[in-house]
Each structure stands twice: as structure tokens, then as C-alpha cells.
Amino acid sequence: MGNKYGLKVLVISIILVIVVLILAIFFLGCVSENPARDVAKTLPSDTIKFSYFDLQTMRKDEDLNSLYMYFTLLNIYARGLGINIGDIDYYVENSVTVFGGDFDIEEVRAALAREGGVKGEYKGIEIWQGIGGGRSITTVAISGNKLIFGNKYAVKDCIDVLKGDRKSMYGIKDVKDVIERMPKGIAMKVSKEDFAENTVVYGIVLMKENGNTLKLKTILKFKTEEDAKDYAEEISKELGQRSKVDKIFDIKIRRDGQFIEVEGKIKIKDWTWTKWPI
């Protein structure tokens, strides 16, 4: 009898641990080996584009300090949320803005109240509305260590996706196809805008190659294989000249059916965020 009781307790304990881990992943916004996938799963399907920036890695790596310093401009927004740039592990920019990190939520709530915010709830997620009067940032959602802010409709759209009541951007096959080809990087972008004629979705990843070099990778999906083939021939002729202007070297082009992947390297000292597509 005692053994059966002990086994039952063990099984229940294991189940509880699994449940806690699942909830932690959902609410704490843990980022996997493919942050672009995680982000796309939280954005509605009609999202046109987003960019993800791994501020924690840039902040901790001395080689990337010049890249990180650009983001100190975010302090303008961070202070209004009761945090500072050093608290933000990652930053997502799209129709809403997402800050992920280890935040003092009570400080965040106090700051939002000072900004005129009114606390409420939407589908079980804490939201603050009416922040900053007539300014564009009017609603903030607090979900674990994620702060999602923007206009109230865009924020609620994201919550609908999180709750499974709306299709995510990742649920679009073309988007998913590109994301699954993207390696992890310090900056990642996915867009449904036209990159070239007959592209349907593209992704861009910025990675650290070594102490003084970055690697830039672009993945393009075209409507047809023929479209991809035509573009590969066209871009091969142009890249030589463009590489001199942008100081990109070791450029490689690879075509795989409807996909084209372009890789290149650039010295960290030559990189500026003006090179990152808006």
C-alpha cells in the first residue's frame, strides 16, 4: 500500500514539474535557438514584418559593444515603463514593441500609474490603458517578464494569438518556411514586403563570426523556382559592385528550389545599424 501511495505521489510530482515548466516557457518568454520562430508565434498573421534584437548578448560581449550602444536610445521608452536599457534582454519591433527581461514588475506598475495608466485585464493578461495621454504608446500588457506595448488594438491582437484565439504569423506557410531556415543571430528580421521581384517572404540574420567580424545571411523565398533562378543570375552580377560600397566580403549565393540564400561578412568596425533594413 505504501509503495503504491509513494508511486502516485511521484507521478503527481513529475506532472506538476512538467506543468510548471510549460507555464514558465509561456509566461516568461524564454527564447529558444530560433528567436524568430518564438516571436512569429506571438504576432497575428496579418503582421507585415518584425525585427528582433538580442541586447543581452550584445551587452555582455565586449566585441559587440559598439552595436549595443545604439540601443541606449531605447531608454526614452524604458524609463516610462519603470525599467532601463540594462534590464532588457531582447527587443522586438513591429506593430507593437516587446521588451523581454528581468523586470521589477512592481516598479513597472508604479511607473505606468504615474503615466496615467489604468490597470485592467484582457483574457487573463494584465493590461494598462490610457498611458501618456495622447501619445502613441497607449496600452501595455504585462506577461511574465515580457512587456508588450503599442496601441490597444495591436496589443490585444497579440494577446488573442497567445491565447490561441487568432492565427499567428508563424501559421503562414511561407513565413514558417523562411524562419525554419534562419540560424540564431544577434539581430533577425522577417518580412512579407517585396525584397525583390516575385519574393513572398524574406529573412535576414546578423551573427557574430569572430572577434572582429560579423556574418550577414539573407534567405529569400520566391513564388516559383524559375523566379528564384532568374534572381540568382541577376544578383550575381550586381553583388560585386554593391559589396565594395557596403564593405561586405566573402559573399556566397546558394539556390535551393524556390529559395535563395546569400551570405556575406563585414568587419564589426564597418557595421552601422543604418545597414539594417527598416
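These are my notebook entries from looking around this predicted model.

**Ground rules**

I number residues from 1 along each chain as its sequence is written, and my side-chain values use heavy atoms, with hydrogens and water left out. Since the model is a prediction, I keep local features only at pLDDT of at least 70 and side-chain atom pairs only at pLDDT 80 or more, while totals for chains, interfaces and linings use all residues.

**Entry 1: the whole protein**

I started with the secondary structure and found nine helices and twelve strands. For me, helices (H or I, at least four residues) and strands (E, at least two) are DSSP runs, numbered from the N terminus. Then I checked burial: 44% of the 278 residues are buried. My cut-offs are under 20% relative accessible area for buried, over 50% for exposed, and partly exposed in between, with a 1.4 Å probe and protein chains only.

Next I looked at contacts, meaning heavy atoms within 4.5 Å. Of the contacts with a separation of 6 or more, 55% are between residues 24 or more positions apart. The protein exposes about 14,600 Å², and carbon and sulfur atoms supply 54% of that. These areas come from the Shrake-Rupley method with a 1.4 Å probe, and for residues only the protein chains shown count as cover.

**Entry 2: helix 6**

Which residues of helix 6 are buried? In this helix, residues 105-114, I noted I105, V108, A111 and L112. Looking down the axis, I see these buried residues fall within an arc of 120 degrees, so they line one face of the helix. The arc is taken from the directions from the helix axis to the C-beta atoms. A reminder to myself: an α-helix has 3.6 residues a turn, so residues three or four places apart point the same way.

On the other side of helix 6, I found E106 and R114 exposed. I also looked up what covers the buried residues, and the list includes helix 5 (75-80), strand 5 (125-129), strand 6 (139-143) and strand 7 (146-150).

At the start of helix 6, a side-chain oxygen of D104 comes within 3.1 Å of the backbone nitrogen of E106. After the helix comes G116, with a positive phi near 90 degrees.

Is strand 3 mostly covered or uncovered? Covered: five of the five residues in strand 3 (97-101) are buried. Both faces are covered, with T97, F99 and G101 on one side and V98 and G100 on the other.

I then traced the pairing, where two strands pair if DSSP finds at least two bridges between them. Strand 2 (88-93) pairs with strand 3 in the antiparallel sense over five bridges, and E93 has T97 as its bridge partner. A hairpin of three residues joins strand 2 to strand 3. Strand 3 also runs antiparallel to strand 7, with four bridges, and here G100 stands opposite K146.

**Entry 3: N94 in the loop**

I stopped at N94, which is in the loop between strand 2 and strand 3. N94 counts as buried because its relative accessibility is 17%. Its side chain makes a polar contact with the side chain of S95 at 3.2 Å. By polar contact I mean a pair of N or O atoms within 3.5 Å; within protein, one must be able to donate a hydrogen and the other to accept it, and residues adjacent in sequence count only if both atoms are side-chain atoms. Not counting residues up to four places away in sequence, N94 touches L43, K49 and F50.

**Entry 4: I88 in strand 2**

I88 sits in strand 2 and counts as buried at 0% relative accessibility. Leaving aside neighbours within four places in sequence, I88 contacts L55, Q56, R59, A78, I83, F99, G100 and F103. I checked R59 too: 29 residues separate it from I88 along the chain, and their C-alpha atoms are 9.9 Å apart.

**Entry 5: aromatic rings**

How many aromatic pairs does the structure hold? I noted 15. Rings of Phe, Tyr and Trp (its six-membered ring) pair if their centres lie within 6.5 Å; planes under 30 degrees apart count as stacked, over 60 as edge-to-face and the rest as tilted.

The rings of F71 and Y91 have centres 6.2 Å apart and planes at 70 degrees, so that pair is edge-to-face. The pair links distant parts of the chain, 20 residues apart: F71 is in the loop between helix 4 (65-69) and helix 5, and Y91 is in strand 2. F71 is buried at 4% relative accessibility, and Y91 is buried at 8%.

W271 and W273 form an edge-to-face pair as well, 5.6 Å centre to centre with 90 degrees between the planes, and both are buried.
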